Amino acid sequence: MRKPDIFKVPIGPQHPALKEPESFSVSLSGEKILGVDIRIGYNHRGIEKACEERTYVQDVYLIERICGICSHTHATCFVQAVEEIAGLEVPKRGLYLRTLIAELERIHSHLLWLGVAGHEIGFDTLLMYTWRDREIVMDVLADLTGGRVNYGMNTIGGVRHNITPEQAQKVLTAMDKLEEQTKYYIELALGEATLAARLSGVGVLSHEDCVKLGAVGPTARASNVDRDTRRDDPYAAYGDVSFSVITDDHNDVFGRTVVRVKELMESYSIIRQLLKNLPEGPIAVKAPRKIPIGEAVSRYEAPRGEDVHYVKANGTEKPERVKVRAPTLANVQAVKKMLENRYLADLPIIIAAIDPCFSCTDRMINIREVASKNSRIMEWETLRQKGIEHYRKQGIDFSKVKITQSF
Amino acid sequence: MYLRGVKMAMEEDVKQALVKQFNLPEETIRIPRPRRIFMEISPEKLKEVLDFAVKELQFTILLTITGLDESDRFGIIYHLAQKSGSILNIKINISRDNPILKTITPDFSNADIYERELADLFGIKVEGLPPGNRYPLPDNWPENQYPLRKDWKQEKPEVSEKSGGDQNA
C-alpha cells in the first residue's frame, strides 16, 4: 500500500475560519492533523513601549484598548499594580463597583463565546439565542458606564462612575432574566445529545499536559485544574464574596462549554452579593501624578483566564516598564496539543474553545456631512431604530423583538 | 493595603528556606505584601534556584518572564506562582553588551514564547531554544532593532511625495 502523502495547509493570517489574525500551518495526512505550526504576533501594536512614553493616567485608557472583550480586565490589572506601588487604599465602594463591572464583563464574554462556539459547529440557533441575551448585559454595562466595549470605569485610586439605587435595581432585574435563560443553556449543554456528540472528545487536553503547558482559565478548569485567581490571589472585592470555582474532568471542548455556562451562574450570584452588601462612601481616592519608585505584579481572572501585569515605577509620571501577559498567550501553547491527531474539520471549534480575543464594535457613529461640514452624533437608540427600519424596508420586522424592554 | 494585618508566615518560610539553601543575605529577598516575594540572584545560580523553587517550595507555575532595560544591564524577572496564590519573582541581571540567557524550556515547556519575546524585543540571545517561529515581531522586521530597549525610539516612516502622503492634508 502506498504511504499517504502529507499536505501542508496554510490557514491564516487572514482566514474566514479565524476571527483575528493568527497563522496555522497544518500538516495533514488525509483529513488527519499530524502537526501544527503556530505563528502569532500579527496584532502586536507596541503597547508596552507606548506605555513607557505616556503618563499613568493615559496608560489606563491605552491599556483598556488592548482587548475589545476584556477591556476592564486589563485596565483593572494595571491600576491594581500602580495602586500597590503608590500605596493607595481604594475605598470599599470603589472595589465593589470594580468587581461588579468585572463580573458583568465575564457574563457578556461567556455568552459571546457560547454563541461563537454554536456558530463554529453549525448550531446557529444557539448563536442567535445567546447573542440576543447578551444584549441584556451589554445594555446594563452601557447604562452603568456609558460604554459597551471600553467602559472607562477605572482610574488610579478607584472608579469613575457611581451607581444609583435605580441602576442597581435594573442590574438585579437583568440578572434574574439572564439566570432564567442560563438555566436553559445548562440544560442544553448537559442534555442535548447532538451538542455532546459534536463536542465530546474534541480538542482533548489531559490534566497533565494542561499543567505542563500552563493553560489558564476555563480551558484549564475543564481539564480539572482547580485554579482561579479570584479565589487563590483575591483582588478587588473577591475576598468579600463567596462563590465556587467550577471545574470539570471531560478535558475537551464539551468540558470547556460546561465550565463556562456554570460560571455564568456563579457570576449572577457574585453580582447579587455585591449589590446587597454595597458599602456607602467615596468611590475613589486622589492619586499622585508621580508614582514613587517601586514594582508590583498584579493578577486578574479574566473571562479567558489569568491576566498578569508587571509594572515598574521610577518616581516620575511615566512608568519605567509595563509588561502584560494576556490569557490567550498562555492558552495558545496548548492548542498545538489539542489539535494533534484530530480532524481538520475540528480545527475551528478547537481554536474557538480557548476563546481567543477579538474586537468589538462602536456604539455611536459621528456622521460628517461633507457638504455643510456639520457633524451630528447618532445615539445608540437612534442607531438601533435605524437598523430596525432598514430591515423593515426589506420585509424583515425586528420591531416585534423586544430586546430593549427586556429589563 | 492588601489584607493588612494578615500573617505572612508562609512567605516568611519561603524566604528563610531560600536564605538557608543558597546562603543569601536577608535583604536580597523582599516581601512587600502577602503572596508576593521578590528576590535577586546571580545568573549562574538561576537553574539551582528554579529547581529548588519548583521541587521544594511548590512554585510550579511559570506566569511569564519580564525583560527590563536598566541602562547598563538587562534585568530578567521569572515570575513563578504556587497553586495557593503566592508569586515568587526571581530577578537576574545580565550584561547589556553581550546579552545571553540559557533557556528554561526543559523545565518549563511554556517558557518558549516568553523567551522568544525577550529575543525579539530586547535582542537577548537565548541559548538552547528549540527551533520555531519568532514572536511577536514581523518576519521582515529589520535586524538589530529591539523596540523595548530604552535607546530605541520609534521613527515616523518616511513617505515619499509620489506615494501620496497624508491624504487629509
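This is a predicted model: local features need pLDDT of at least 70, side-chain atom pairs count only at pLDDT 80 or more; totals for chains, interfaces and linings use all residues.

1. Let me start with the sheet in chain A. Three strands make up an open sheet, ordered E1-E2-E3, and their pairing is antiparallel. Strand E1 (6–11) and strand E3 (32–39) of chain A are at the edges with a single partner strand each, so one side of each has no neighbour in the sheet. From one strand to the next, the twist averages 20 degrees.

2. A closer look at one pairing: E1(A) runs antiparallel to strand E2 (residues 23–29) of chain A, and six bridges link the two.

3. Now for a helix pair. Helix H5 (residues 124–145) and helix H6 (residues 165–191), both of chain A, pack at an angle of about 160 degrees, and their axes are 10 Å apart. Because angles over 145 degrees count as roughly antiparallel, H5(A) is roughly antiparallel to H6(A). The crossing of H5(A) with H6(A) is left-handed.

4. Which residues meet there? From H5(A) they include Leu126(A), Tyr129(A), Ile136(A), Val137(A) and Asp133(A). On the H6(A) side, Val171(A), Ala174(A), Leu178(A), Lys177(A) and Tyr185(A) are among them. The contact of H5(A) with H6(A) comprises 12 nonpolar, three polar and five charged residues.

Methods:
Residues are numbered from 1 along each chain as its sequence is written. Chains are lettered from A and ligands numbered from 1 in the order in which they are written. Side-chain values use heavy atoms; hydrogens and water are left out. Axes are lines fitted to C-alpha atoms, for helices over the stretch in contact, and angles run from 0 to 180 degrees between N-to-C directions. Helices (H or I, at least four residues) and strands (E, at least two) are DSSP runs, numbered from the N terminus. Angles under 35 degrees count as roughly parallel, over 145 as roughly antiparallel, 65 to 115 as roughly perpendicular and the rest as oblique. A crossing is left-handed if the near helix is turned anticlockwise from the far one by less than a right angle, and right-handed if clockwise. Contact means heavy atoms within 4.5 Å. Ala, Val, Leu, Ile, Met, Phe, Trp, Tyr, Cys and Pro count as nonpolar, Asp, Glu, Lys and Arg as charged, and the others, Gly among them, as polar. Two strands pair if DSSP finds at least two bridges between them.
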